[in-house]
Amino acid sequence: APPDAGVIGAPDPRTAERRLKAVVVKKPNETADNIIKYSRTKLTPHKVPTLVEFRDQIPRNGAGKILRGLLVD
């Protein structure tokens, strides 16, 4: 099964440009590098995240939709 994940735009701390950040529920042996490499095989280049953050869970509302505003922190 694919990882539980969400993607948001996040500012780059060095340049203040917007970058894509994947927020992922970590599975054993999963790395940020693996997620980015896998994304490159499935997505067009402008959709590939450049940042990855691991969390214990993805915040969702009662209907199961991702609460993207809570992924920003």
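Visitor: Is arginine 55 buried or exposed?
Guide: This is a predicted model, where local features need pLDDT of at least 70, side-chain atom pairs count only at pLDDT 80 or more, and totals for chains, interfaces and linings use all residues. Residues are numbered from 1 along each chain as its sequence is written, and side-chain values use heavy atoms, without hydrogens and water. Buried means under 20% relative accessible area, exposed over 50%, partly exposed in between (1.4 Å probe, protein chains only). Arginine 55 has 18% relative accessibility, so this residue counts as buried.

Visitor: Which residue forms a salt bridge with arginine 55?
Guide: A salt bridge is a side-chain nitrogen of Lys or Arg within 4 Å of a carboxyl oxygen of Asp or Glu. For arginine 55, the closest N and O atoms of the pair are 2.6 Å apart. The partner is glutamate 53.

Visitor: Which residues are joined with Arg55 into one network?
Guide: Glutamate 53 also forms a salt bridge with lysine 21, with the closest N and O atoms 2.8 Å apart. Salt bridges that share partners make the network. With Arg55, the residues joined are Lys21 and Glu53.

Visitor: Over the ring of which residue does the charged end of lysine 26 sit?
Guide: A charge sits over a ring if NZ of Lys or CZ of Arg is within 6 Å of the ring centre and within 35 degrees of the ring normal. The charged end of lysine 26 is 4.7 Å from the ring centre. The ring belongs to phenylalanine 54.
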